[in-house]
Every structure is written in structure tokens, then in C-alpha cells.
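The following paragraphs lead through one structure, from its overall make-up to a few individual residues. Please keep the sequence and the coordinates at hand while reading.

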Amino acid sequence: QLSCLLKMVTLHGMPKDLDSYPKELLLFLSPSDYAGTGSCRQFFTSVGEANVDVLPREDPRRQQLLLEALECLEVPGTEINEENAEVLGRLVCDLPGEYIRSSGGRLLKDLSQCGSFLPEQEEAIRDVLSSGNTTFGPPAAWSAFTLSQLSGLIPVLGHSILQQIPK
């Protein structure tokens, strides 16, 4: 339905009021299509607010969006800073494990909103959390409040981390 809507909306060129349409529509565009109406940073901020699960994780368009977002944000290496994490929004759910590790705890808040993870992402999340080098501190210092903040990541924690959390 979204790709049909996109065809109708762009029939006579790219509309100037593209931001007034559902953000999920942008998942079917490329930043170059959007360039006439705003910057690539603005485009990916909107894409990051969309429900990226409209496209399956393995869909090449979704993978291409992440690659183009990282290029647009000029991310050096695999470390994502807080500002870029905010722009990526829901696209952080597709970041490989190496990005999660390199970025430390900065991605945890965004990752907790993801519906599912690949095994390598789960392992990276566990590594970051068990290091204790996050705003949450080591698992032995966590409280019920900490767990409520990490609620979306609880299924990923694993036995070794869960054992350290005080009762």
C-alpha cells in the first residue's frame, strides 16, 4: 500500500509537503529522491521515526537505508555518537554488533525499542551491559528502576547478567 501511495504522490514529481505524509512512506524513497525537499540528515531523522518493521529486516531497501544513513552522517568507523543515534532512531535496530560494542552504552536506550535482535547484536548488547561502563553501571548495582529502563533488552540479558542483579 505504501509503495502504491508513493507512486501516486510522486506522479508529478516530488511534492514539497512530503513531510506531511506518513513517515513510513520515506522507507521506499532514497535520499537523492528527497534531496529537493531537504537535507539527507533531515531525511534520515524522519526515517528514524518511521516504523522500519514495515520492511522486513532482510529487505535490501532497509539495509541500503542504514548504509546511506551512516554515509550521510559521516560516521567515522563503527562508533555512533549520541547525536547520530538520535538521527538514526529506529535504524539503530539494524546496526551490526561491532557498532553496538564501539558505541558503548549510547545506543542502549534506542536498542530497547527494537522488536528483535540478531544473535551477534544480542551478544554485543550483553558485552556492553556486563562491562558496567554504561550509565546503568554494573549489573550488581541495578535496581528495579534500571530494569524498567532496560525493559526492551531484558530478553537479551542472559543468565550470567541476570545472576548478578540484586534481588
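Helices here are DSSP runs of H or I with at least four residues, numbered from the N terminus. In these terms Ser103, a residue taken up again below, lies in the loop between α6 and α7 (108-111). The model is a predicted one, and the protein chain averages a pLDDT of 85, with 83% of the residues scoring at least 70. Confidence in the protein chain is lowest in helix α1 (residues 2-9), where the mean is 65, and highest in α6, where it is 95. Where pLDDT is low, the predicted coordinates should not be read in detail.

As for the overall make-up, the protein chain has ten helices and zero strands. Of the 167 residues in the protein chain, 42% are buried. Among the contacts between residues at least 6 apart in sequence, 49% join residues at least 24 apart.

Which residues of α4 are buried? They are Arg62, Leu65, Leu66, Ala69, Leu70 and Cys72, and because these residues cover an arc of only 165° around the axis, they are on the same side of α4. An α-helix has 3.6 residues a turn, so residues three or four places apart point the same way. On the other side of α4, by contrast, Pro60, Leu67 and Glu71 are exposed. The buried residues of α4 are covered by elements that include α3 (40-49), α5 (82-88) and α6 (97-102).

The two ends of α4 can be described as well. At its start, a side-chain oxygen of Asp59 reaches to within 2.7 Å of the backbone nitrogen of Arg61, while after the helix comes Glu74, whose phi is positive, near 50°.

Aromatic rings are the next topic. A pair of aromatic rings is described by the distance of the centres and the angle of the planes. Phe43 and Phe44 are both buried.

Two serines complete the tour. The side chain of Ser103 reaches the backbone oxygen of Tyr99 at 2.8 Å, and, if residues up to four places away in sequence are not counted, Ser103 touches Thr78, Glu79 and Ile80.

Ser131, on the other hand, lies in helix α8 (residues 119-131) and is partly exposed, because its relative accessible area is 40%. The side chain of Ser131 reaches the backbone oxygen of Val128 at 2.7 Å and also the backbone nitrogen of Asn133 at 3.1 Å. Ser131 and Gly104 are 27 residues apart in sequence, and their C-alpha atoms are 9.2 Å apart in space.

Conventions:
Residues are numbered from 1 along each chain as its sequence is written. This is a predicted model: local features need pLDDT of at least 70, side-chain atom pairs count only at pLDDT 80 or more; totals for chains, interfaces and linings use all residues. Side-chain values use heavy atoms; hydrogens and water are left out. Buried means under 20% relative accessible area, exposed over 50%, partly exposed in between (1.4 Å probe, protein chains only). The arc is that of the directions from the helix axis to the C-beta atoms. Contact means heavy atoms within 4.5 Å. A polar contact is a pair of N or O atoms within 3.5 Å; within protein, one must be able to donate a hydrogen and the other to accept it, and residues adjacent in sequence count only if both atoms are side-chain atoms. pLDDT is the predictor's confidence in each residue, from 0 to 100.
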